[in-house]
Amino acid sequence: MTDKRHIIRLEQVYKSFNGLKVLRGLDLVIPQGEITVILGRSGGGKSVLLKHFLGLLLPDQGHVLVDGQNLVALAERQLFQVRKRFGYLFQNGALFDSLTVGENVAFPLQEHTNWRWTKIKAVVEEKLQQVGLQGITEKMPGELSGGMRKRVALARALALDPEILLFDEPTTGLDPIMTTTIGDLIATTVRRLQVTAVIISHDLSLAFSLADTIAFLHRGRIIAHTDPESFRNSPLEPIQQFIAGRPDTTVDNTQKDED
Amino acid sequence: MFILSALGRVTGRLLQEMGGMAVLLGQSLLYLPRRPYRWRYFFRQLEFIGVNSLFIVILTGLFTGMVLALQAYYGLRKFGGESMLGAGVALSMTRELGPVLTALMVAARAGSAMAAELGTMKVTEQVDALLAMAVHPVHYLALPRLLASVIMVPLLTVISVFIGIVGGYFVGVILLGVNPGTYMQKMLEVVTADDLYNGLYKSVVFGLLLAVISCYEGLQAKGGAEGVGLVTTRAVVLSAIAILIFDYIMTAMLF
């Protein structure tokens, strides 16, 4: 992977909450224009890791570099500029429940462009169409099913044509058919827009069907980062345990639930 | 020793919270001139804090004025001062009860709702979503609420004072039989515009206090429904305490 450009680079990242060490000297590089899936146990710090990518959380120690810019050293205003390059799909969508679906997708456009309302409306329609939704702009998020909420959230994340898409557990809580649908949607979206995507998940089939590379988070570190085939055949015990679904025999109390 | 350390913890926590609120207020002021101006969102807050509190503020003002007239009549009659009833009611309403009770009612009605709404947004990652879309939660969520509260609480106070005086007139003149001429005359003689301004200065500060406290507490929410309930209670209790303490301080200073 050395010949590829790395859009995001994490170096020796440490993060703890109230003495609980979640990330312990984590190193990770995200190659540009590829889909990277980060696997790991639930509550193992995957969400925490993802939030470091765009500075929603800053490391206690270590560096987070986005396109060469060290987020730790940035002023708030510059950090906000960096964030505009990201689209973030939250686990439960995190749609604004006081706004309609249309207003939700229009939100980043209203905030960061000077476009007229007619243009914003057209873009909103286009983004919703890309995720396979039509005629629901006037609905409230509370009226939607979990799968539809995720699609709307994806449309909102795509609104500003981000270079990097981050997905937090995109298939958790969906039925098997919707899981496949969302997986396909992510794949087609990423390939068509040629963006970089990082997906955190514990869904193995999603990882093997989508990933260019798979990284495995274990006890606060990335212990493997490789292509799906070598991942499947990895000699590392935690990975084989994870793939086979065997319960962990060594109890690790420091890995408290965080999501 | 135990008492001392407990006292130290509570004081430390309180100072930390006050610091956080000061930061929120400072950030709001910094973001005040910055674009985009979200007029629709701002008007929604004006409506929510102001228009929707109207009924409860009118009701509070009316009954406060009425009970004031009853109580003051009882006291004044002992030395034959019934003619001062109108002045007594109007002074109490403008200087003290109008601003304080209005602010307390708005804190209970709108402050609690602010804390609950922002708290829910926090625990469902909507606040993180704002940050991820490069929008500062203080700019988008807190600032419009602070502004709306600072504008609406004084306006509601004026209405409450007026209604209170009407209520006092009703009880004093119509129910207790005080001469309407002297009631009005003494009132206009004794009460000056400064008394009303005094009350309005207070209500501006109260409006700011309750909005800062409620927004801050809401954004501190952790966990789930329980966490949201917790910050909502804190928002109302702290707003009420802050309003009463600042009421004393400002009364002492404005005299």
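Trainee: What makes B:Arg95 and B:Asp195 a salt bridge?

Mentor: The closest N and O atoms of B:Arg95 and B:Asp195 are 2.6 Å apart. A salt bridge requires a side-chain nitrogen of Lys or Arg within 4 Å of a carboxyl oxygen of Asp or Glu, so the pair qualifies. This is a predicted model, in which local features need pLDDT of at least 70, side-chain atom pairs count only at pLDDT 80 or more, and totals for chains, interfaces and linings use all residues. Residues are numbered from 1 along each chain as its sequence is written, chains are lettered from A and ligands numbered from 1 in the order in which they are written, and side-chain values use heavy atoms, with hydrogens and water left out.

Trainee: Which parts does the pair B:Arg95 and B:Asp195 tie together?

Mentor: B:Arg95 belongs to helix H4 of chain B and B:Asp195 to helix H8 of chain B, so the pair links parts 100 residues apart in sequence. Helices (H or I, at least four residues) and strands (E, at least two) are DSSP runs, numbered from the N terminus.

Trainee: Why does B:Asp195 count as buried?

Mentor: Its relative accessibility is 8%. Buried means under 20% relative accessible area, exposed over 50% and partly exposed in between (1.4 Å probe, protein chains only), so B:Asp195 is buried.

Trainee: How do B:Lys202 and B:Glu96 stand against those limits, buried or partly exposed?

Mentor: B:Lys202, at 3%, counts as buried, whereas B:Glu96, at 28%, counts as partly exposed. The two form a salt bridge, with the closest N and O atoms 3.1 Å apart. B:Lys202 lies in helix H8 of chain B and B:Glu96 in helix H4 of chain B, so this pair ties together parts 106 residues apart in sequence.

Trainee: How do you know that the span of helix H9 of chain B agrees with its 30 residues?

Mentor: The expected span of a helix is 1.5 Å times one less than its number of residues. For helix H9 (residues 225-254) this should be 44 Å, and the end C-alpha atoms are 42 Å apart, which agrees. Among the buried residues of H9(B) are B:Val231, B:Leu238 and B:Met250; what covers the buried residues of H9(B) includes H1, H4 and H8 of chain B.

Trainee: Why is A:Arg151 called buried, and what is it in contact with?

Mentor: A:Arg151 has 15% relative accessibility and therefore counts as buried. Leaving aside neighbours within four places in sequence, its contacts (heavy atoms within 4.5 Å) include A:Val131, A:Met178 and A:Leu185. A polar atom of the A:Arg151 side chain lies 3.0 Å from the backbone oxygen of A:Val131.

Trainee: How many residues are in contact, and what is the area buried between chain B and chain A?

Mentor: 21 residues of chain B are in contact with 23 residues of chain A. The buried area, meaning the accessible area (1.4 Å probe) that two parts lose on being put together, summed over both, is about 1900 Å², and carbon and sulfur atoms give 56% of that area.

Key
Polar contact = N/O pair within 3.5 Å; in protein donor to acceptor, adjacent residues only side chain to side chain.
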